[in-house]
Amino acid sequence: KQWYQRRVRGYEQSQSSEASGSAWMERSRTMASAPRSRMQVSENKMKKAQDDLVASHQIHISQVTNLCSIEAELLQNFTDGHLEFTEYMKKLETILESKNKCVESLRAQVACYSLRATY
């Protein structure tokens with residue numbers, strides 16, 4: 001039970017630090033470059049949006065890979081007889097909810113980029 005709590009806690013901490021760290025870096029980069037023309041502003045915004053989407057996708061893959069590792073470990077612990085079925089199901093549901101949140105977050109960012117790209 002403790003291994004699972006440590007793994008999920010570690011995942012949640014890495015998720016929040018990755019999100020806040022990349023956002024801070026993006027703001028710093030944007031503030032450091034002063035655009036010269038309206039066209040350049042538009043191009044810079046589009047490039048930043050693309051970079052943000054690619055970075056989000058990389059973070060998403062890292063998070064889902066980590067969750068898959070936790071899920072595989074959970075399955076192994078169940079098949080080895082270290083967990084009762086009800087406990088296994090509860091933990092599996094938690095992992096699946098976390099995966100869904102990751103997917104929904106990336107989908108929202110893709111939708112946001114699609115809106116930006118049409119303007």
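A salt bridge here is a side-chain nitrogen of Lys or Arg within 4 Å of a carboxyl oxygen of Asp or Glu. Lysine 47 and aspartate 51 meet this rule, with their closest N and O atoms 2.9 Å apart. A search of the whole structure finds 5 such salt bridges.

This is a predicted model, in which local features need pLDDT of at least 70, side-chain atom pairs count only at pLDDT 80 or more, and totals for chains, interfaces and linings use all residues. Residues are numbered from 1 along each chain as its sequence is written, and side-chain values use heavy atoms, leaving out hydrogens and water.

**Overall layout**

- The chain has 3 helices and 0 strands. Helices (H or I, at least four residues) and strands (E, at least two) are DSSP runs, numbered from the N terminus.
- Along the sequence, the pattern reads α-α-α.
- The chain holds 119 residues, and 21% of them count as buried. Buried means under 20% relative accessible area, exposed means over 50%, and partly exposed lies in between (1.4 Å probe, protein chains only).
- The accessible surface of the chain comes to about 8600 Å². Carbon and sulfur atoms account for 57% of that surface. These areas come from the Shrake-Rupley method with a 1.4 Å probe; for residues, only the protein chains shown count as cover.
- Among contacts in the chain with a separation of 6 or more, 76% join residues 24 or more positions apart. A contact means heavy atoms within 4.5 Å.

**Salt bridges**

- Lysine 47 and aspartate 51 both lie in helix α2 (residues 38–79). They are 4 residues apart, about one turn of the helix.
- Lysine 47 is partly exposed, at 45% relative accessible area. Aspartate 51 is also partly exposed, at 24%.
- Glutamate 71 and lysine 99 form another salt bridge, at 2.4 Å from N to O. This pair links distant parts of the chain: glutamate 71 sits in helix α2 and lysine 99 in helix α3, 28 residues apart.
- Glutamate 71 is partly exposed, with a relative accessible area of 21%. Lysine 99 is buried, with 17%.
- Glutamate 104 pairs with arginine 107 in a salt bridge, their closest N and O atoms being 3.2 Å apart. The two are 3 residues apart in helix α3, so about one helical turn separates them.
- Glutamate 104 is partly exposed at 45%. Arginine 107 is exposed at 54%.

**Aromatic residues**

- Rings of Phe, Tyr and Trp (its six-membered ring) pair if their centres lie within 6.5 Å; planes under 30 degrees apart count as stacked, over 60 as edge-to-face and the rest as tilted. By this rule there are 3 aromatic pairs.
- In one of these pairs, the rings of phenylalanine 85 and tyrosine 88 have centres 5.9 Å apart and planes at 40°, so the pair is tilted.
- Phenylalanine 85 and tyrosine 88 are 3 residues apart in helix α3 (residues 85–118), about one helical turn.
- Phenylalanine 85 is partly exposed, at 48% relative accessibility. Tyrosine 88 is buried, at 13%.
- Phe78, Phe85 and Tyr88 form one aromatic cluster.

**Nonpolar core**

- A nonpolar core is a set of buried Ala, Val, Leu, Ile, Met, Phe, Trp, Tyr and Cys residues joined through side-chain atoms within 4.5 Å.
- The largest has 9 residues: Val64, Leu67, Ile70, Leu74, Leu83, Tyr88, Leu92, Ile95 and Cys102. Helices α2 and α3 each supply at least two residues of this core.
- In soluble globular proteins, nonpolar side chains tend to be buried together.

**Cysteines**

- A disulfide is counted when two cysteine sulfur atoms lie within 2.5 Å. By this rule the count is 0.
- Cysteine 68 is in no disulfide: the nearest cysteine sulfur belongs to cysteine 102, 9.8 Å away.
- Cysteine 68 is partly exposed, with a relative accessible area of 35%. Cysteine 112 is partly exposed too, with 36%.

**Serine 114**

- Serine 114 is found in helix α3. Its relative accessibility of 38% makes it partly exposed.
- Serine 114 and alanine 49 are 65 residues apart in sequence. In space, their C-alpha atoms are 9.8 Å apart.
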